[in-house]
Amino acid sequence: MLEPLNEGFLSRLSDLLLCRWTCRHCCQKCYESSCCQSSEDEVEILGPFPAQTPPWLMASRSSDKDGDSVHTASEVPLTPRTNSPDGRRSSSDTSKSTYSLTRRISSLESRRPSSPLIDIKPIEFGVLSAKKEPIQPSVLRRTYTPDDYFRKFEPHLYSLDSSSDDVDCLTDEEILSKYQLGMLHFSTQYDLLHNHLTVRVIEARDLPPPISHDGSRQDMAHSNPYVKICLLPDQKNSKQTGVKRKTQKPVFEERYTFEIPFLEAQRRTLLLTVVDFDKFSRHCVIGKVSVPLCEVDLVKGGHWWKALIPSSQNEVELGELLLSLNYLPSAGRLNVDVIRAKQLLQTDVSQGSDPFVKIQLVHGLKLVKTKKTSFLRGTIDPFYNESFSFKVPQEELENASLVFTVFGHNMKSSNDFIGRIVIGQYSSGPSESNHWRRMLNTHRTAVEQWHSLRSRAECDRVSPASLEVT
């Protein structure tokens, strides 16, 4: 009894497994195998199969080699399953059921195409990370109209200046009619014997009326023009003519000499800037003329009438000041040398300027000491070479500031402000901070440096020490 029972149990177990692999209706529950049909339409593969070469591929290989047709399992007639009267299956029934499954699988494989199908998926690009996101091409969601396109342009990048090709293509008459800034008459001559370049500023004509920025200008009908001359890119060593009072057609007739080798002179650009002097306001640039010296015959020389073009520099620089600082820790003394100044802003129409320098020591936000140099008459390039000493203990040096203010001496009224800088704890700029830092790192050694003067408003805005002095 045990042997038939075992055979019946194995038979039902095999039917159950075969049913779960072959029947599409009883995948969840199947105990009787009564729903299983022998029809090929109901056969469905629900799980993985062993990794072996399929019969249809073996058949195609054998047909290529032997040239004979191979009969597949689908040509074999299906044999229906029969149950024993006691509801149990014998070992022969089990073998028949297994053979029936093999035929059904073979019939499905025979329906496959002769070549495998490849499922091509879209390629995804992206950074290797835990979360992969496909990168899709961006879609232009807004259609730009011509107005939107041109609105993105920055007009100042396309403005007409001396460096643009359009100005170079225009004649002097076209420039004069376009800007209406007047014309300048000048000449150049190079002396090969003495190796210097002579620039002669002769006259100007048709200058525009003055422009007042703060409404303090008294005479709005006439200008007080003068000319600044320099050889680019060196703008520090510039020359300046005298101021011609109340005229739109000034006659200068002044000559200036630049010590420069001939080959170096051919690499420079002559820049002449016409400036309107205003004692009660800031000096305004009327226009400029630039001439590359490589385009002219320097030895032969020549005279030119050139139309003025607008300048991007609306205000004139205030000048430069050369200072030397030295600290002696053992004596607790801070030594200051005012050496010279150059190209200071002219404060007097007839005599240039009478400049002097005021030096003020500020500890924290408290004014401690004030000293000043003598004033030099009728010059904008004064040489002082004057020394001053301030007592500053070493523990208070970090909180000290020096305020240098250049004035134009005026006997009739208050002195004319020219420019200012602050060096120390509350420096007025990076150049001043660098000079103070170098002095702190090199005690007992004098440290010299040029400084560009700043306006009073600029110093008051960045340095609290400037607000504490007059």
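This note goes through the strands, cores and aromatic contacts of the structure above, point by point.

1. The model is a predicted one, in which local features need pLDDT of at least 70 and side-chain atom pairs count only at pLDDT 80 or more, while totals for chains, interfaces and linings use all residues. Residues are numbered from 1 along each chain as its sequence is written, and side-chain values use heavy atoms, with hydrogens and water left out.

2. An open sheet is formed by 4 strands in the order β4-β3-β6-β7, with antiparallel pairing; strands here are DSSP runs of E with at least two residues, helices are runs of H or I with at least four, and both are numbered from the N terminus. Two strands are taken to pair if DSSP finds at least two bridges between them. Because β4 (234–240) and β7 (284–292) stand at the edges with a single partner strand each, one side of each is left without a neighbour in the sheet. From one strand to the next the twist averages 25 degrees, where axes are lines fitted to C-alpha atoms and angles run from 0 to 180 degrees between N-to-C directions.

3. Within this sheet, strand β3 (residues 225–232) and strand β6 (residues 269–276) run antiparallel and are joined by 8 bridges. The bridge partner of I229 in β6 is L272.

4. The largest nonpolar core has 35 residues, of which L321, L402, F404 and W436 touch the most other members; such a core is a set of buried Ala, Val, Leu, Ile, Met, Phe, Trp, Tyr and Cys residues joined through side-chain atoms within 4.5 Å. Buried means under 20% relative accessible area, exposed means over 50%, and partly exposed lies in between, with a 1.4 Å probe and protein chains only. Two or more residues are given to this core by each of β9 (320–328), β10 (333–342), β11 (355–363), β13 (383–391), β14 (400–408), β15 (416–424) and α8 (430–441). A second, separate core of 32 residues includes L184, L207, F258 and I286.

5. Leaving aside neighbours within four places in sequence, L402 is in contact (heavy atoms within 4.5 Å) with residues including L325, L334, I359, F390, I423 and W436.

6. Strand β11 is mostly covered, since 8 of its 9 residues are buried. It is joined to β14 by 9 bridges in an antiparallel arrangement, and to strand β12 (residues 366–372) by 6 bridges, again antiparallel. In β12, K372 is the bridge partner of K358. The hairpin of β11 and β12 has 2 residues between the strands, and G364 in the turn has a positive phi of about 65 degrees.

7. There are 4 aromatic pairs, counting rings of Phe, Tyr and Trp (its six-membered ring) with centres within 6.5 Å, and calling planes under 30 degrees apart stacked, over 60 edge-to-face and the rest tilted. The rings of F186 and W304 have centres 5.9 Å apart and planes at 35 degrees, so this pair is tilted. F186 is in strand β1 (residues 183–191) and W304 in strand β8 (residues 302–307), so the pair ties together parts 118 residues apart in sequence. F186 is buried at 0% relative accessibility, whereas W304 is partly exposed at 22%.

8. The rings of F356 and F407 have centres 5.8 Å apart and planes at 25 degrees, so this pair is stacked. F356, F407 and F417 form one aromatic cluster.
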